Amino acid sequence: ELSGKSLDDILGDDLTEEGRYNYGYALVIKKLWHLFDMEAWMRKVNNKRRIRFDWLSALELMIAERLNEPCSKLSNYNHQEEYIGFSDQKVDLQHFYRCLDLLSEEQDSLKKHLFNKQQSLFSQTLDVVFYDVTTLYFESQKEEEQSLRQKGYCKDGKAHKTHVVLGLLVDKLRNPITYQIYRGNTYEGKTMIGALKSLRKEYDIDEVVVVADSAMIDQANRDHIADSDGMTYIIGDRIKNLPRKVSEELLDPKNHKPIHSTTDKFSYSSVDYKGRKIFCTYSDKRARKDRHARQKLIEKAEKLLDKPSQLKQSKKRGAGRFIKQTVNEIYALDIDKIEADAKWDGFKAIATTTSLSIEEILNKYKNLYEVEHAFRALKSQLQIRPMYHWTNKRIEGHVAMCFMAYTFLNYLRNTTKLSQRQIVRSLDKMQLSKVKEKATDKDLYLRSKITEEQEKIIKTLKLEVPRDTTPQSVINQYFI
């Protein structure tokens with residue numbers, strides 16, 4: 001009576017929650033759709049194909065789920081009602097799978113479209129590309145003759161499972177340029193030529209420096225780049241594989257010149273060899289790391305010596321390479337091999353056909369970690385693997401969808417300066433509660449409080465977000 005309100009008002013029964021939805025992913029994905037002019041790409045696809053299902057909504061939902069909480073396409077179908085701002089009609093399960101088939105057939109045009117739009121959005125010249133490969137495994141051990149899924153060397157340590165090989169080219173901002181998918185038993189060094197041919201054929205570039213690690217060092221790769229106009233390389237080289245006279249010249253301390261731009265003791269030597277210049281760098285920090293890694297292997301080898309039954313199973317790599325077999329099948333540490341291995345501590349070779357200075361070469365080679373970060377985002381944040389698709393089309397479509405999701409996520413990272421985890425966490429917390437007002441029997445949407453990180457995304461993308469309280473009648477206008 002003193003408050004002047006009824007008992008129902010005091011108890012707070014005038015509003016009841018009808019549902020809670022995420023609006024952040026729809027808002028951001030639709031904005032990115034416009035920024036990357038995906039409507040134009042979809043019109044081209046629609047013009048040459050008779051598509052009779054809502055593949056736009058299916059694709060948007062798969063990308064949202066890939067960013068939010070990566071899961072199966074069946075889960076995509078079951079989770080779609082947790083979002084607001086996508087399709088008003090529920091997308092059929094079969095349409096998610098048909099969308100993957102469509103992405104497989106249009107993957108080349110998709111990659112080219114995304115690349116051209118990235119170049120326009122970032123207004124940068126493609127002068128250096130970083131190339132590396134990884135493996136994506138399946139929850140399957142069964143190989144099929146014509147399938148991309150094959151057993152081979154797996155970088156995830158899943159040798160007993162089938163996988164595919166993924167080659168990826170990125171620029172200095174980690175923007176993905178293009179990718180290629182290879183059968184799981186493909187040697188990674190054999191993938192580089194195909195990727196570079198695709199780069200020259202599909203993309204308008206004048207001069208570019210290709211940066212890759214020593215796994216790409218075979219002669220065919222070097223020859224292909226050398227024979228390509230406007231293309232040079234910076235590739236990790238293997239000192240141990242060079243002729244003894246060349247390696248001794250590179251390792252000789254008398255030939256090393258100091259680099260004073262670093263706090264670490266750092267020096268380099270160089271030789272011209274078979275059409276390329278090889279720089280051999282020495283770092284005290286790297287030497288300490290090499291010694292520590294070898295000591296770990298020696299300790300592991302000593303444990304193996306205490307368990308003779310395991311020695312025959314150990315291979316001549318890792319700790320096994322520091323064990324030798326003497327007469328009468330007696331095993332012991334190979335001191336000569338340990339001392340020989342110490343000879344290479346701290347040394348790293350880089351081969352190049354550029355005319356850049358040693359500082360510029362080292363800086364570009366150091367930035368090779370950009371492609372490693374891209375793989376890390378694809379594997380951990382977007383969980384591109386393990387894969388549960390069996391046909392080549394579905395595999396290619398799944399990778400194309402993840403490639404698109406990564407392109408969007410990396411754009412947000414570059415423009416907002418937030419980490420990928422901060423972006424995903426912020427979008428996840430952008431929620432609307434649908435409530436019913438008993439007095440009027442009308443539905444309203446209550447928006448969650450906007451955080452500092454969310455505000456940065458909103459301002460960067462120039463988004464218009466729902467008000468604190470938004471009527472049901474106007475909510476859809478924010479997602480046009």
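Q: Let's start with Tyr268 and Phe279: are they buried or exposed?

A: Tyr268 is buried, and Phe279 is buried too. Keep in mind that this is a predicted model.

Q: How do the rings of Tyr268 and Phe279 sit relative to each other?

A: Look at two things, the spacing of the ring centres and the angle between the planes. Planes under 30 degrees apart count as stacked, over 60 as edge-to-face, and the rest as tilted. Here the centres are 6.0 Å apart and the planes meet at 55°, so the pair of Tyr268 and Phe279 is tilted.

Q: Where in the chain do these two residues come from?

A: Tyr268 belongs to strand 8 (residues 266–273), while Phe279 belongs to strand 9 (residues 276–283). They are 11 residues apart, and the pair links distant parts of the chain.

Q: Which residues form an aromatic cluster?

A: Trp33, Phe36, Phe122, Phe408 and Tyr411 make up one cluster.

Q: What is the order of the strands in the open sheet?

A: Strands of a sheet pair through backbone hydrogen bonds, and they can do that parallel or antiparallel. In this case, 4 strands line up as 1-13-14-15, with antiparallel pairing. Strand 1 (15–22) and strand 15 (469–471) are the edges, each pairing on one side only. From one strand to the next, the twist averages 30°.

Q: How many bridges join strand 1 to strand 13?

A: There are 7, and strand 13 covers residues 431–437. As an example, Thr16 has Lys436 as its bridge partner in strand 13.

Q: Why does Lys366 count as exposed?

A: The cut-off for exposed is over 50% relative accessible area. Lys366 has 60% relative accessibility, so it counts as exposed. You'll find Lys366 in helix 14 (residues 358–366). Lys366 and Phe115 are 251 residues apart in sequence, and their C-alpha atoms are 24 Å apart in space.

Terms used: Residues numbered from 1 in each chain as written. Predicted model: local features only at pLDDT ≥ 70, side-chain atom pairs only at ≥ 80, totals over all residues. Heavy atoms only, no water. Phe/Tyr/Trp six-rings, centres within 6.5 Å; stacked < 30°, edge-to-face > 60°. Buried < 20%, exposed > 50% of the residue type's maximum accessible area, 1.4 Å probe, protein only. Pairing = 2+ DSSP bridges. Axes fitted to C-alpha atoms, helices over the stretch in contact; angles between N-to-C directions.
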